[in-house]
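Good morning, and thank you for coming.

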Amino acid sequence: MKTHEFYVDMTCEGCSGAVTRVLNKLDVKFDIDLPNKKVFIESDKDADELLETLKKTGKTVNYIGPK
């Protein structure tokens, strides 16, 4: 399983909560680093699929790469 690193423009607990909600629907393991605005997702899913899911939060999202 690969770990993907994303930048998500999160400013508060509400933002990280939105990320948690959309990722819980995918059934993936993830870790949110709110101070650094990073989300690490452990999944076999395609990075594009994960990116599209994160965009559902309405936040600015960028794929940094595999970790």
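Of the 67 residues in the protein chain, 37% are buried. Buried means under 20% relative accessible area, exposed means over 50%, and partly exposed lies in between, using a 1.4 Å probe and protein chains only. This is a predicted model, in which local features need pLDDT of at least 70 and side-chain atom pairs count only at pLDDT 80 or more, while totals for chains, interfaces and linings use all residues. Residues are numbered from 1 along each chain as its sequence is written, and side-chain values use heavy atoms, with hydrogens and water left out.

Let me turn to the fold. The protein chain has two helices and four strands, arranged along the sequence as β-α-β-β-α-β. Helices (H or I, at least four residues) and strands (E, at least two) are DSSP runs, numbered from the N terminus. The radius of gyration of the protein chain is 10 Å, close to the 11 Å that the globule rule gives for 67 residues, so the chain is as compact as a globular protein of that length. That radius is taken over C-alpha atoms, and the globule rule is 2.2 Å times the number of residues to the power 0.38.

How many salt bridges does a search of the whole structure find? It finds three. A salt bridge here is a side-chain nitrogen of Lys or Arg within 4 Å of a carboxyl oxygen of Asp or Glu.

One of them joins the side chains of Glu-5 and Lys-38, at 3.3 Å from N to O. Glu-5 lies in strand β1 (residues 2-8) and Lys-38 in strand β3 (residues 38-43), so this pair ties together parts that are 33 residues apart in sequence. Is Glu-5 buried or exposed? Glu-5 counts as buried, at 13% relative accessibility, whereas Lys-38 is partly exposed at 23%.

Another salt bridge brings together Asp-9 and Lys-37, at 2.9 Å from N to O. This pair also links distant parts of the chain, with Asp-9 in the loop between β1 and α1 (13-24) and Lys-37 in the loop between β2 (29-33) and β3, 28 residues apart. Asp-9 is partly exposed, at 27%, and Lys-37 is partly exposed, at 24%.

There remains the pair of Lys-55 and Glu-52, whose closest N and O atoms are 3.9 Å apart. These two residues sit three residues apart in helix α2 (residues 47-55), and are therefore separated by about one helical turn. Lys-55 is partly exposed at 40%, and Glu-52 is partly exposed at 47%.
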